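Dear colleague,

Please read the notes with the model open beside you.

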Amino acid sequence: MGMNKSKPKSLEEKKTSINFVGGVVLTGPKGVGKRTFMKKFCGQEFGNCTGLEAEVKLEGGRTCTFSIAFVSDLDVYHDFVRYVNEICIPFARIILLTYSVTDRESFEEKLPGIRQRILELRKKSPIRKGDKSAQPPPFVLVGLKCDAEEQRVVSTKEGAKRAKEWGGIPFVEMSTQAGINDTKLFEQILSLEVSLRDSEKRGRR
């Protein structure tokens with residue numbers, strides 16, 4: 001008589017079982033709304049490379065705590081290398097790449113350079129050298145200030161296309177101030193965390 005195999009858990013069941021997600025890094029060009037994001041969800045604007053906790057209400061009324069590290073300025077390379085290369089990027093699990101839908105330069109010129117810089121630092125980091133986990137962490141492309149429709153210069157279609165070009169990464173447009181798609185973003189982060197945990201379990205077998 002064979003043993004009964006338990007039914008695999010669905011994505012939603014796995015997400016419900018998680019109450020803490022660490023290693024989330026928020027980055028992007030200056031002026032896109034990162035500080036407002038941190039203020040709303042973590043209670044303070046700063047905290048470079050220090051995980052600040054955000055308790056977020058998700059679908060179904062459940063809550064989950066996210067530890068979010070804020071990278072404020074990727075243009076200052078000496079600071080970026082010293083703090084991010086040694087602390088944030090090598091250990092990041094999920095990276096939020098943000099731009100403003102009201103700032104085309106942040107989307108077309110600055111953000112691609114930031115993403116490339118992250119990939120380079122992740123690859124070259126002595127902490128990750130020779131480590132299989134040195135592969136790029138999951139990215140989420142986040143278009144901020146989506147409530148400012150009259151000032152919008154980057155369309156939703158353009159954001160979705162960029163996310164597809166960057167490997168089909170998740171894409172969310174949101175407004176921190178107006179509370180648009182807050183839950184959607186954090187549900188995406190939680191889904192990525194489920195995928196990471198599943199991958200880690202397979203790697204230990």
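In helix α5, which covers residues 156-165, the buried residues include Gly 159, Arg 162 and Ala 163, where buried means under 20% relative accessible area, exposed means over 50% and partly exposed lies in between, calculated with a 1.4 Å probe on protein chains only. Helices (H or I, at least four residues) and strands (E, at least two) are DSSP runs, numbered from the N terminus. Seen down the axis of α5, its buried residues fall within an arc of 100°, so they line one face of the helix; the arc is that of the directions from the helix axis to the C-beta atoms. On the other side of α5, Lys 157, Lys 161, Lys 164 and Glu 165 are exposed. The cover over the buried residues of α5 includes β4, α4, β5 and β6 (171-173), and after the helix comes Gly 167, with a positive phi near 95°.

Before going further, please note that this is a predicted model, in which local features need pLDDT of at least 70 and side-chain atom pairs count only at pLDDT 80 or more, while totals for chains, interfaces and linings use all residues. Residues are numbered from 1 along each chain as its sequence is written, and side-chain values use heavy atoms, with hydrogens and water left out.

Arg 104 belongs to helix α4 (residues 104-124) and counts as partly exposed, because its relative accessibility is 25%. Leaving aside neighbours within four places in sequence, Arg 104 is in contact (heavy atoms within 4.5 Å) with Glu 109, Val 153, Val 154 and Glu 158. Although Arg 104 and Val 153 are 49 residues apart along the chain, their C-alpha atoms are separated by 6.0 Å, and the side chain of Arg 104 reaches the backbone oxygen of Val 153 at 2.5 Å. A polar contact of 2.6 Å also joins the side chains of Arg 104 and Glu 108; such a contact is a pair of N or O atoms within 3.5 Å, of which, within protein, one must be able to donate a hydrogen and the other to accept it, and residues adjacent in sequence count only if both atoms are side-chain atoms.

Not counting residues up to four places away in sequence, Ile 189 touches Val 21, Val 24, Phe 66, Ile 94 and Leu 96.

For the chain as a whole, the secondary structure comes to 6 helices and 6 strands, which follow the pattern α-β-α-β-β-α-β-α-β-α-β-α along the sequence. Of the 205 residues, 47% count as buried.
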